[in-house]
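Look over the model below before reading on.

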Amino acid sequence: MRTTKKDGSLRFFGIPKMIPLVKRFKKQVLIISLSAFVSGLLDLIGPLFNRYALNHFVTEGTLDTLPFFIVLYVIMLGLIALTAYINIKVQIATEVTMNRDMRNEAFTHLQELSFDYYSANSVGYIHARAMSDTSRIGNLFSNQISDTVEFLFYIVGAIVIMLSVNVRLTGAVLIIVPIIALFFSLFYGKLFTLGKQTREINSKITGNFNEGITGAKTIKSLVIEDRIDEDFRAETTNMYNKARQLARHRSLFASVTDLAASFALAFVLWKGGILAKEQVGTFSMFMSYAQGLMEPVRWLVETLALFVNGKVNIERFTKLMETVPSVSDTPEVIEKYGDVFNPKKENWEELRGDIEFKNVDFKYPGAEEYVLKDFDLKIPFGTNVAIVGETGAGKSTMANLICRFYEPTAGQILVDGRDYRERSQLWLHSALGYVLQTPHLFSGTIRENLTYGRNDATDEEIAEAIRMVSAEGIIEKFDKGLDTDVGEGGDLLSTGEKQLISFARAILARPRILILDEATASVDTITEQKIQAAIDKVIKGRTSVVIAHRLSTIRNADIILVVDSGKIVERGRHEELLAMKGYYYRLWTRQYEDDAVAAVWADASSENKN
Amino acid sequence: MPEKAVSKQDKKTARRLHTQLLLKFLKGSKRLFACSIISSLIYALCDMVDPQIFRAAIDNAIGGKEPTFPRYVLDFVDRLGGFSYLGQHLWIMALAVVVVAVIRGISGYLQRVMNNKGAETLVRRMRDTMFSHIEHLPYEWHMKNHTGDIIQRCTSDVEMVRMFVAEQLVSVVRISIMIILSLFFMFSMNVGLTFIAIIPIPFILTYVLIFRKEMEKGFRECDEMEGKVSARIQENLTGMRVVRAFAQEAKEKEKFLEQNNHYNSLWVRLAAIMARFFTTQHFLSMLQILIVIVAGCVFCVNGKLTPGEYVAFVSYNSMLSFPIRRLGRMISEMSKAGVCLDRIGHIMNEPVEQDAPGSVEAPMDGDIEFSHVSFSYEGSSEVLHDVSFKIPAGSTLGILGGTGSGKSTLMLLLDKMYSLPEGSGTISIGGVDIRVIKTRHLRKNISMVLQEPFLFSRTIHENISISSRTLTMEDVEEAAKAACLDEAVEGFSKGYETFVGERGVTLSGGQKQRAAIARALIAKAPIMVLDDSLSAVDTETDAKVRRALEERFGSATIILISHRITTLSKADKVIVLDNGRIAEEGTPDELRTAGGIYNRIYDIQSGLGDAYAKDGKEAGHEND
């Protein structure tokens, strides 16, 4: 990007980056500026009315034009109200609509970003980009534009009117303005640093609360409540001091504004008091303008500072929007198969389910070490591949590659005999069924969740899928059956129930390729048995990849890949692997032992109950 | 919704409780707020003086009219040389304006600074008392409440109360002062005109109060919807794998757009309401000003008001309209602060852990005895049934148990994390019932290493030495060595100063466990409990740690909970806990030959792997 400097920060507070967005709101920005302009104008006229009242009615002692005065005044008030109404309404509406557009774009973009982005950035971080940065930017462009226009105009207008009445007196008042502006600019930097520091300490305090609560058991057993308390108090004292420092600066700011306004007033009285003899109104008008100037000057400095501050938000947001998905379809592929949001399903070939790894090298983006090197593997349609290894050994890599969540660094993965990059991602994904270790449901009803992968599933198909995973019990439990709301993230269901639903969801999608990523690792024994029984049925007639934590469940797999520290160390059928007496053999022995111990306890318990 | 259900009496009690709580928090900051109010009084007075100076300048010094000021003012002016002298030397009057401005500037500064000091003192006090209170609440309470909820009460609710006290409560006083003073000066100049100025105010107030509600409803709707939009993004991001694998990007987009657009339309509607509210409010107060101007002119023309008085009167009148606009906001903030205080009260009114009267600091190096202990967690079935056993001082007890057998509960009871109800048996140390042993004393003398170790986001050094500030680096290194953590720590570039947690390195499960053991070892307590705390380390390290334990803690009473037989084989006595009951009890050797659970697990764990592998192989063939 041309506007990006070496250090990656943006020029002109990043405002150029936002021009395309603001351009879309040309009309609104125009209305806001115009109404702000009129508001400023009307603000200026107010004191003129007072001047007239004083000069004409009070000094000359006549009420001849009073009716006109009242009518004009009320008309002016009406105009003020009207422009203010338009200004406020359009301004807020523009702000929220800018937010909406930015969020919509961010969300859409996020649907296409690749998994290397998601593994490099936490959900909280991405969420903040889409929610808070956008709202700050929106505020900057609608709110601040209006204020800037209004105040700039007021300042210029007030100076012009004062000049037209009395040049010398105006000069006296104006000396103060640059001094005060300079003062504000000098102090603002400090104010911002302090503001940032207090926010940082504040989040530390929240962190301390979190630690004090989640670590309660440890704190109690170590009897260090008082120590933790003391440390906490040190942090709040730190906060106290910083906040007070900040307040002193802020107060100084406000007091100086006040003081400057009064100095201007004193100037007017001193140099212009004599005016009052002839024209009390003119004198009083000067008073109004002189006093009224300081507030807008302060506002302008603050607005400028807000733009300086807003740079960070713009930076973060544009960085998100400029991140290019590392896995994407070529223009030719999109031409033929359509993109994610507008697929051309009519051009899609039917997916059979043959997968082949051909000389595949793979390393994760940013990593040094290759996870796969010159890897070959044929998975003909209907094959059941199992991947085993310890927790955190990197078992998901194969699934990531098959799903094209990541692409090979070198070599090819063929689906139905052709490199899968020759077809669209959506084409492949539409033929997948995926069950994760920690089930993820979306808020909505059970039915909506079940039909997530295939929205046109019939009631019979749904019932069939439920029967297959023995989840009838869950549905019957609720009065509303399938139309029961599952809550945010499915939280109204237990983990086991969620997993059964997510498994049924995968079955309903009628996948050609089924990926089970430790589907039974986080569920209770009963659910595990149900799912296991279903798996045995479901993998027939499909290509399936089962990442397993229980070795006993994959003994019959066609190919077992054994993973250690990210690499595939052994491959073969169960018996072959055992005969090798290598890593798989050790895993198997240990797990067998654990199972046997568990069996002893189960035995004991049942005896105990009898 | 609970607010509607409560009766008037309850409301009264609630209000009293709120006030009590608030007063408790306000200790130490009340004086500051009082100072802030006094400063704002001076500030307001200065505000009132300005129009009088200008009135005098316009009417008397420049206009040459007969002054109508009180006696003392006239005396003061005479001493300065009289009004006509001042008229020729206007700089004196300008100076007066500057002097007033400086006084006002200083008092304004003081007012803001004092107010902030008061507010920060309040916040600090609230946070400190709440934190300390939470730390001292029983463990049971912690188990019952959600972390997120408690944190919200400690952060955003505290902030709301601060805003209320610092901004609303003080400004109520300040605004009242301003209104009273303005009215006083207005009345003193012209009673008739003042009445004319006052008449429109009730109407404006009524408008503000009524329509503010509508706007607030809109705000609430928007807030709720924003929460939904936010949750939708969250859900989409956490479920990204599912979205992609099921090829549902388009549908997700469609759903999000629908929700986001709805949120937007709510705001656009609210924008219109807000615009109408603020504009009308502004229009009404401007109209009131017009009425005063017109009436003032009429009064002037009729000779009932001088030009200077007119200018002063208009100034005072403008000081009236600002406070009135604030009033609506204040009332709504007040009810919000009440809700927040209520939520804070839910924490502060919980009783903290307390020792029974007459509790003692009994010697802790005696025998530990569990006698007929039964226990159930609130609302669930019994987890321990009539458990009795004795651990002679200085001996090692091993406990073997399956998941849910109640072994961890035993230790939580021993450490008084949960209190054993009367009549459910007794736990005693050296013959003293732990119910009458001071909790802090008890816990200090029991070093407990928990199943899932919790490390603080501090350095490794600080984590190990957290139990006392007097521990030296040597102590830390020694403990780390005994826990077999030294080698791992030396591998880190910053050694013991390596930061643990989010901002630092992530320790492996085994390293965390060993750090927790080192932290427990350093205390050199007479009783040591290791609750499955070596599960994530390999057998060799396990053995090494246990050897170090024996060497250093020959005299300590040790309780080892494990499901690894090798860990338990050196214990003096082992009990096998099954479903809350003691199934077997004896020395490891006795249990080995008893043919029970212990024996069977021993056989499995020490048995030859070959046998099982063969077994597995056969099983595999069977299925083929």
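The paragraphs below take these topics in turn.

This is a predicted model. Within chain A, helix α10 (residues 275-278) has the lowest confidence, with a mean of 72. Strand β4 (residues 410-415) of chain A has the highest, at 94. The start of the chain needs care. Residues 1-8 of chain A have a pLDDT below 50. Beyond near neighbours in sequence, this stretch makes six contacts in the model. Where pLDDT is low, the predicted coordinates should not be read in detail.

Next, the domains. Chain A is assigned domain 1 (13-322) and domain 2 (439-509). Taken over C-alpha atoms, the centres of domain 1 and domain 2 of chain A are 51 Å apart.

Now turn to chain B. Its secondary structure comprises 24 helices and ten strands. The C-alpha trace of chain B spans about 120 × 65 × 55 Å along its principal axes. The radius of gyration of chain B is 38 Å, whereas a compact globule of 624 residues would have one near 25 Å. Of those 624 residues, 41% count as buried. Among contacts in chain B with a separation of 6 or more, 77% link residues 24 or more positions apart.

Which residues touch the most other members of the largest nonpolar core? They are Ala264(A), Ala504(A) and Val97(B), in a core of 204 residues. Helix α3 (residues 66-112) of chain A gives the most to this core, with 15 residues. Leaving aside neighbours within four places in sequence, Val97(B) contacts Ser262(A), Leu265(A), Ala266(A) and Leu269(A) from chain A. Asp50(B) and Ile53(B) are its contacts from chain B. Another core, of 121 residues, lies apart from the largest one. Its members include Leu455(B), Cys484(B), Ala518(B) and Val576(B).

Finish with a sheet in chain B. Four strands of chain B form an open sheet, in the order β2-β1-β4-β5, with antiparallel pairing. Strands β2 (382-391) and β5 (432-433) of chain B stand at the edges. Each has a single partner strand, so one side of each is left without a neighbour in the sheet. Strand β1 (residues 368-376) of chain B runs antiparallel to β2(B), and six bridges join them. Val373(B) has Val387(B) in β2(B) as its bridge partner. Strands of a sheet pair through backbone hydrogen bonds.

Technical notes
Residues numbered from 1 in each chain as written. Chains lettered and ligands numbered in written order. Predicted model: local features only at pLDDT ≥ 70, side-chain atom pairs only at ≥ 80, totals over all residues. Pairing = 2+ DSSP bridges. Helix = DSSP H or I, 4+ residues; strand = E, 2+ residues; numbered from the N terminus. pLDDT = per-residue confidence, 0-100. Contact = placed C-beta atoms within 7 Å. Domains from an automatic or database assignment. Core = buried A, V, L, I, M, F, W, Y, C linked by C-beta atoms within 7 Å. Buried ≥ 20, exposed ≤ 12 C-beta atoms within 10 Å, placed from the backbone. Rg over C-alpha atoms; globule rule 2.2 N^0.38 Å.
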